[in-house]
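Morning, everyone. I have one structure to walk you through today. Please have a look at it before I start.

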Amino acid sequence: MAKCESIGRYISEIYRMGGKFYSKAFNKFNIGSGQYIFLLHLYFNDGINQECISSNLNIDKGTTARALKRLEELQYVERVVDKEDKRAYRVFLTEKAKDIEEEFFFTLSSWNDVLSKDFTEEEKVMAINLLKRMTNNYKNII
(Lines give C-alpha, C1' and ligand atoms only; values in the text may rest on other atoms or scores of the structure.)
Protein backbone atom coordinates (compact mmCIF):
# COMPACT_ATOMS: atom_id res chain seq x y z
CA MET A 1 0.00 0.00 0.00
CA ALA A 2 1.41 3.38 -0.99
CA LYS A 3 1.97 5.96 1.69
CA CYS A 4 -0.04 9.14 1.36
CA GLU A 5 -0.90 12.25 3.32
CA SER A 6 -3.88 11.70 5.58
CA ILE A 7 -6.67 14.26 5.40
CA GLY A 8 -7.99 12.91 8.70
CA ARG A 9 -4.70 13.60 10.45
CA TYR A 10 -4.87 17.29 9.61
CA ILE A 11 -8.55 17.56 10.47
CA SER A 12 -7.82 15.89 13.81
CA GLU A 13 -4.92 18.23 14.49
CA ILE A 14 -6.99 21.30 13.66
CA TYR A 15 -9.77 19.98 15.90
CA ARG A 16 -7.39 19.55 18.85
CA MET A 17 -5.78 22.96 18.32
CA GLY A 18 -9.22 24.52 18.07
CA GLY A 19 -10.22 22.89 21.35
CA LYS A 20 -7.21 24.49 23.04
CA PHE A 21 -7.92 27.86 21.45
CA TYR A 22 -11.59 27.82 22.49
CA SER A 23 -10.84 26.53 25.99
CA LYS A 24 -8.49 29.43 26.57
CA ALA A 25 -10.76 32.03 24.96
CA PHE A 26 -13.98 30.88 26.63
CA ASN A 27 -12.40 30.19 30.02
CA LYS A 28 -13.54 33.59 31.32
CA PHE A 29 -17.14 32.45 30.73
CA ASN A 30 -16.46 28.99 32.25
CA ILE A 31 -17.45 27.47 28.90
CA GLY A 32 -15.35 24.50 27.85
CA SER A 33 -14.50 23.45 24.34
CA GLY A 34 -17.18 20.77 24.70
CA GLN A 35 -19.99 23.25 25.24
CA TYR A 36 -19.33 26.05 22.79
CA ILE A 37 -20.71 24.13 19.77
CA PHE A 38 -24.08 23.78 21.52
CA LEU A 39 -24.19 27.46 22.41
CA LEU A 40 -23.30 28.31 18.82
CA HIS A 41 -26.13 26.14 17.52
CA LEU A 42 -28.56 27.83 19.89
CA TYR A 43 -27.58 31.31 18.74
CA PHE A 44 -29.01 30.30 15.37
CA ASN A 45 -31.80 28.02 16.65
CA ASP A 46 -33.03 29.39 19.97
CA GLY A 47 -35.86 27.26 21.38
CA ILE A 48 -34.95 24.14 19.39
CA ASN A 49 -35.79 20.68 20.65
CA GLN A 50 -32.89 19.03 22.52
CA GLU A 51 -33.10 15.91 20.35
CA CYS A 52 -32.87 18.06 17.21
CA ILE A 53 -29.67 19.60 18.54
CA SER A 54 -28.13 16.11 18.79
CA SER A 55 -29.31 15.23 15.32
CA ASN A 56 -28.24 18.50 13.70
CA LEU A 57 -24.77 18.39 15.26
CA ASN A 58 -24.38 14.64 14.77
CA ILE A 59 -23.60 14.26 18.48
CA ASP A 60 -25.06 11.51 20.67
CA LYS A 61 -27.92 12.34 23.02
CA GLY A 62 -25.95 11.68 26.19
CA THR A 63 -23.17 14.09 25.25
CA THR A 64 -25.77 16.68 24.28
CA ALA A 65 -27.62 16.26 27.57
CA ARG A 66 -24.40 16.65 29.60
CA ALA A 67 -23.27 19.74 27.68
CA LEU A 68 -26.67 21.39 27.97
CA LYS A 69 -26.85 20.54 31.66
CA ARG A 70 -23.51 22.29 32.15
CA LEU A 71 -24.67 25.33 30.17
CA GLU A 72 -27.84 25.35 32.26
CA GLU A 73 -25.80 25.23 35.49
CA LEU A 74 -23.82 28.21 34.18
CA GLN A 75 -27.14 29.96 33.40
CA TYR A 76 -26.48 30.29 29.66
CA VAL A 77 -29.47 28.15 28.68
CA GLU A 78 -32.82 27.13 30.05
CA ARG A 79 -34.39 23.78 29.26
CA VAL A 80 -38.19 23.77 29.20
CA VAL A 81 -40.49 20.77 28.80
CA ASP A 82 -41.95 20.81 25.29
CA LYS A 83 -45.67 21.65 25.43
CA GLU A 84 -46.45 19.24 22.59
CA ASP A 85 -44.21 16.36 23.74
CA LYS A 86 -43.87 16.21 27.52
CA ARG A 87 -40.91 13.79 27.20
CA ALA A 88 -38.84 16.33 25.24
CA TYR A 89 -37.12 19.59 26.11
CA ARG A 90 -36.79 22.82 24.22
CA VAL A 91 -33.64 24.79 24.89
CA PHE A 92 -33.57 28.57 25.12
CA LEU A 93 -30.76 31.07 25.50
CA THR A 94 -30.82 33.20 28.64
CA GLU A 95 -30.00 36.89 28.88
CA LYS A 96 -26.57 35.89 30.16
CA ALA A 97 -25.90 34.05 26.88
CA LYS A 98 -27.20 36.96 24.85
CA ASP A 99 -24.90 39.31 26.76
CA ILE A 100 -21.79 37.42 25.58
CA GLU A 101 -22.96 36.83 21.99
CA GLU A 102 -20.83 39.53 20.39
CA GLU A 103 -17.62 38.39 22.10
CA PHE A 104 -18.52 34.75 21.45
CA PHE A 105 -18.74 35.33 17.69
CA PHE A 106 -15.61 37.49 17.74
CA THR A 107 -13.74 34.51 19.22
CA LEU A 108 -15.08 32.18 16.53
CA SER A 109 -14.06 34.66 13.87
CA SER A 110 -10.60 34.96 15.43
CA TRP A 111 -10.05 31.19 15.11
CA ASN A 112 -11.11 31.34 11.46
CA ASP A 113 -8.62 34.17 10.97
CA VAL A 114 -5.83 32.09 12.54
CA LEU A 115 -6.58 29.11 10.29
CA SER A 116 -6.84 31.12 7.09
CA LYS A 117 -4.40 33.97 7.72
CA ASP A 118 -2.54 33.59 4.43
CA PHE A 119 -5.54 32.46 2.33
CA THR A 120 -7.11 34.50 -0.42
CA GLU A 121 -10.88 34.99 -0.20
CA GLU A 122 -11.24 32.43 -2.98
CA GLU A 123 -9.15 29.91 -1.03
CA LYS A 124 -11.27 30.48 2.11
CA VAL A 125 -14.44 29.73 0.15
CA MET A 126 -12.79 26.70 -1.44
CA ALA A 127 -11.64 25.34 1.95
CA ILE A 128 -15.15 25.67 3.39
CA ASN A 129 -16.68 23.99 0.34
CA LEU A 130 -14.20 21.11 0.45
CA LEU A 131 -14.82 20.51 4.17
CA LYS A 132 -18.59 20.58 3.58
CA ARG A 133 -18.18 18.01 0.82
CA MET A 134 -16.13 15.79 3.14
CA THR A 135 -18.86 16.02 5.76
CA ASN A 136 -21.52 15.17 3.19
CA ASN A 137 -19.44 12.25 1.89
CA TYR A 138 -19.56 10.74 5.35
CA LYS A 139 -23.26 11.44 5.80
CA ASN A 140 -23.99 9.68 2.50
CA ILE A 141 -22.45 6.39 3.69
CA ILE A 142 -24.25 6.12 7.03
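First, a word on naming. Helices here are DSSP runs of H or I with at least four residues, strands are DSSP runs of E with at least two, and both are numbered from the N terminus. With that in hand, read along the protein chain: from the N terminus on, the order is α-α-α-α-β-β-α-α-α. That makes seven helices and two strands. Keep in mind that this is a predicted model. As for extent, the C-alpha trace of the protein chain spans about 55 × 35 × 25 Å along its principal axes.

Now the helix pairs. Two packed helices are described by the angle between their axes and the distance between the axes.

Take helix α3, residues 50–57, and helix α4, residues 61–73. Their axes come within 9 Å. The crossing angle is roughly 120 degrees. Angles of 65 to 115 count as roughly perpendicular and those over 145 as roughly antiparallel, so α3 and α4 are oblique to each other. The crossing of α3 past α4 is right-handed. Which residues meet? From α3 we have Gln50, Glu51, Ile53 and Ser54, and from α4 we have Lys61, Thr64, Ala65 and Leu68. Sorted by class, this contact of α3 with α4 holds three nonpolar, three polar and two charged residues.

Next pair: α2 and α6. Here the axes come within 12 Å, and they cross at roughly 120 degrees. This crossing is left-handed. On the α2 side, the contact is made by Tyr36, Leu39, Leu40, Tyr43 and Phe44. On the α6 side, Glu101, Phe104, Phe105 and Leu108 take part. The contact of α2 with α6 has eight nonpolar residues, no polar ones and one charged.

On to the loops. Most residues other than glycine have a negative phi, and most peptide bonds are trans. Two residues to look at here. Asparagine 58 has a positive phi, near 60 degrees. You will find asparagine 58 in the loop between α3 and α4. Glutamine 75 also has a positive phi, near 70 degrees. That glutamine 75 sits in the loop between α4 and β1, the strand at 77–81.

Last topic: empty space. Rolling a probe the size of a water molecule over the atoms shows where empty space is left.

How much space lies in the largest pocket? About 2,000 Å³. Its lining has 40 residues, and the closest to the centre are Ile11, Ile14, Leu115, Leu131 and Thr135. The elements giving two or more residues to this lining are α1 (7–26), α2 (36–44), α3, α6 (101–115) and α7 (121–139). Which element gives the largest share of the lining? That is α7, with twelve residues. By class, the lining of the largest pocket has 22 nonpolar, twelve polar and six charged residues.

The second largest pocket holds about 150 Å³ of space. Its lining includes Asn49, Gln50, Glu51, Ser54, Lys61, Thr64 and Ala65. Asp85, Arg87, Ala88 and Tyr89 are also among its lining residues. The elements that give two or more residues to this lining are α3 and α4. By class, the second largest pocket is lined by three nonpolar, four polar and four charged residues.

To return to where we began with the pairs: Gln50, Glu51 and Ser54 of α3 are part of the contact with α4, and Gln50, Glu51 and Ser54 also line the second largest pocket. Thanks, and over to you for discussion.

Conventions:
Residues are numbered from 1 along each chain as its sequence is written. This is a predicted model: local features need pLDDT of at least 70, side-chain atom pairs count only at pLDDT 80 or more; totals for chains, interfaces and linings use all residues. Side-chain values use heavy atoms; hydrogens and water are left out. Axes are lines fitted to C-alpha atoms, for helices over the stretch in contact, and angles run from 0 to 180 degrees between N-to-C directions. Angles under 35 degrees count as roughly parallel, over 145 as roughly antiparallel, 65 to 115 as roughly perpendicular and the rest as oblique. A crossing is left-handed if the near helix is turned anticlockwise from the far one by less than a right angle, and right-handed if clockwise. Contact means heavy atoms within 4.5 Å. Ala, Val, Leu, Ile, Met, Phe, Trp, Tyr, Cys and Pro count as nonpolar, Asp, Glu, Lys and Arg as charged, and the others, Gly among them, as polar. On a 1 Å grid over the protein atoms alone, a cavity is a set of points where a 1.4 Å probe fits but cannot get out, and a pocket is an open set with protein on both sides within 12 Å along at least five of seven lines; lining residues have an atom within 4 Å of a point. Grid points are joined across faces, edges and corners, and a volume is the space filled by probe spheres set on the points.
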